[in-house]
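Colleague: Before I use this model, I would like to go through the terms applied to it and hear what each one rests on. Could we take them in turn?

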Protein chains: 2
Amino acid sequence: MPNWAVGEFDLIERIRRRVGASDSVVLGIGDDAAVIIPSPGMALVATTDALVLDRHFTADWPPADIGHLALHANLSDIAAMGATPRWALLALTLPADDPDWLEGFLDGFLGAAEQTGVVLVGGNISSGPLNIAVELLGEVAPDRVATRRGVKPGDQLVVTGTLGDAAAALALGSEAPETLVERLHRPEARMQAGRVLAESAHALIDISDGLLADLGHLLHDHLGAEVRIDELPASAALQTAISDPTRRRHFQAGGGNDYELLAALPPLPDGELEQLARAAGVTLTVIGRVDESGQVRCLDAQGNELADLAPGWDHFSP
Amino acid sequence: MPNWAVGEFDLIERIRRRVGASDSVVLGIGDDAAVIIPSPGMALVATTDALVLDRHFTADWPPADIGHLALHANLSDIAAMGATPRWALLALTLPADDPDWLEGFLDGFLGAAEQTGVVLVGGNISSGPLNIAVELLGEVAPDRVATRRGVKPGDQLVVTGTLGDAAAALALGSEAPETLVERLHRPEARMQAGRVLAESAHALIDISDGLLADLGHLLHDHLGAEVRIDELPASAALQTAISDPTRRRHFQAGGGNDYELLAALPPLPDGELEQLARAAGVTLTVIGRVDESGQVRCLDAQGNELADLAPGWDHFSP
């Protein structure tokens, strides 16, 4: 315990040295708690996600990729609220006092923080099996919050970016091409798209658990949806790596870890989706439509139902 | 993964059902992130602490005690800022889908939350080695923040409650009397004392790492202190369980986990300490004095230095 305690202070000091000052942070790393001045009139948005070894990443990942992913997994939740990320806390549990691993992790974590305007304000280091819990705070005007509620029959279902890359990288393992591995290790949370979509969306959600699972969270009461599976956006890398369309569909509809957003939007006039996409800085694709069927039906280009993509699927949660 | 995913939603639903509503929480458990309305004009105080199996607790602890400790370890950091706790996030990593364990944990965690005015607003559940990361947010008027800085020569060192109980319980293991075990498993963070001491303290810190280690964090630059070891407050249970005064001193000066507060106060007029203690709702004891010696000297009742209590000790961190 005493050795670790000294190590802990040393590691905290390493982190403190790498974090810059910020006007909103009265007191950052180094006291019992951080003191922050929130922006007047803004709502506070708070989320936490933990990364666990062999569940969210494996021991062969570069530490910088783990740091990047740890922040972006949380950024994606903030994006899904239409909010702007501001402050992070980091509860690290490390198996050993390993400054090299920590510096690599910080390269990824603090690099991602700097690019997205996030300040690391505090944290905690414990010894134990590797576990990285991040808490991220953001801000949003109270009347601009996007939620999972509010979907209406007739809404168009729109996704950002492309789907299935990360799941394919996971499945292909060491055979995966670099482009797909990059999507798994270094996802880019759709911050700008979140803010843009929040303005008009009836509902918005991060689809890190997979499109169909997360779509289920949007469909309250008797609502259902048609999803046109052949419209799901696929990257060129995915099309090359997974040439079998049936297999590709599974990654796109069921795979997770893409950190894209799914929005339910009122039907858009011609040209408006392109305008939204330009503002969002990412491609937007209409993939289906909300109805009152109480179920999700996956259809191919010919309108045939692909039952195997959603076997017995109804609602995961109320 | 699919089984765990279903289990995860079920566990989250179990938690959601047990958490009440709150005016300040626009959106609690169940969306991508929580949405909170902070109080106008208040600073936000944020901290995180993780509990790890076999480091902070052992497998034989009742889950309710683990839940209680997880919140109070964080509450203590909020108390040390003079702040009022408001909202919590919980990142749980659990080795198995064990609803009984979770319900027990929630008894302790949510019970402690209710008693201290904290609302659980969100969280995350992963599968992996047991790890409980809590993020706690509090509020404080910006001009009432207590920090670790600001200690002045001549300041009196004052601690809340009694010291050494938790460390003695740890050392005694299964031989420990129930009163001491209670202090280890179910510490009560000094919330009221934190707010009261913050009004007059030059500096305030939570001494969960042990008195001498945490005192070191207060003593910047050339400051030092005299600590009168025989004045350290000891509970009746500690005096009975550890009759050897030398052994007792070690637990009191070096042991951790008591979650008491240490304040540096300007010298107080007669009777004022008693008045502060009444307002704080806990005993307050003057245990020493800040000086400009650059070191901490531990003295017994006769004024003899007890070098073994702080061997080679100077400053842990700048």
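Colleague: What makes strand S3 (residues 43–52) of chain A and strand S2 (residues 34–36) of chain B a pair?

Modeller: In this predicted model, S3 of chain A and S2 of chain B are joined over 3 bridges in the antiparallel sense, and because a pair requires at least two bridges, the term applies to them. One position in this pairing is Ala46(A), which stands opposite Ala34(B) in S2(B).

Colleague: How many residues does each chain bring to the contact, and which element of chain B gives the largest share?

Modeller: Chain B contributes 52 residues and chain A contributes 53 residues, and on the side of chain B the largest share, 9 residues, belongs to strand S3 (residues 43–52) of chain B. By residue class, that side of chain B divides into 30 nonpolar, 12 polar and 10 charged.

Colleague: How do you know that the copies meet through the same surface?

Modeller: Of the interface residues of chain B, 100% are also interface residues in chain A, so the surface is the same for the copies.

Colleague: Why is the relation between the chains called a two-fold axis?

Modeller: Chain B can be laid on chain A by a turn of 180 degrees with a shift of 0.0 Å along the axis, and the RMSD is then 0.0 Å; that is the relation of a two-fold axis.

Colleague: Why is helix H6 of chain B called oblique to helix H10 of chain B?

Modeller: Helix H6 (residues 191–200) of chain B and helix H10 (residues 272–280) of chain B pack at an angle of about 140 degrees, with their axes 8 Å apart. Angles over 145 degrees count as roughly antiparallel and those from 65 to 115 as roughly perpendicular, so H6(B) is oblique to H10(B). The residues that meet are Gln192(B), Ala193(B), Val196(B) and Leu197(B) in H6(B) with Leu276(B), Ala279(B) and Ala280(B) in H10(B), and they divide into 6 nonpolar, 1 polar and no charged.

Colleague: Into which domains is chain A divided, and what is in contact between them?

Modeller: Chain A is divided into domain 1 (2–143) and domain 2 (147–309), whose C-alpha centres lie 28 Å apart. In chain A, 14 residues of domain 1 are in contact with 17 residues of domain 2, and helix H2 (residues 63–79) of chain A supplies the largest share of the domain 1 side, 9 residues. That side of domain 1 of chain A divides into 7 nonpolar, 5 polar and 2 charged.

How values were computed
Residues are numbered from 1 along each chain as its sequence is written. Chains are lettered from A and ligands numbered from 1 in the order in which they are written. This is a predicted model: local features need pLDDT of at least 70, side-chain atom pairs count only at pLDDT 80 or more; totals for chains, interfaces and linings use all residues. Axes are lines fitted to C-alpha atoms, for helices over the stretch in contact, and angles run from 0 to 180 degrees between N-to-C directions. Helices (H or I, at least four residues) and strands (E, at least two) are DSSP runs, numbered from the N terminus. Angles under 35 degrees count as roughly parallel, over 145 as roughly antiparallel, 65 to 115 as roughly perpendicular and the rest as oblique. Two residues are in contact if their C-beta atoms, placed from the backbone, lie within 7 Å. Ala, Val, Leu, Ile, Met, Phe, Trp, Tyr, Cys and Pro count as nonpolar, Asp, Glu, Lys and Arg as charged, and the others, Gly among them, as polar. Domain bounds come from an automatic or database domain assignment. Copies are superposed by least squares on the C-alpha atoms of residues with pLDDT of at least 70 in both.
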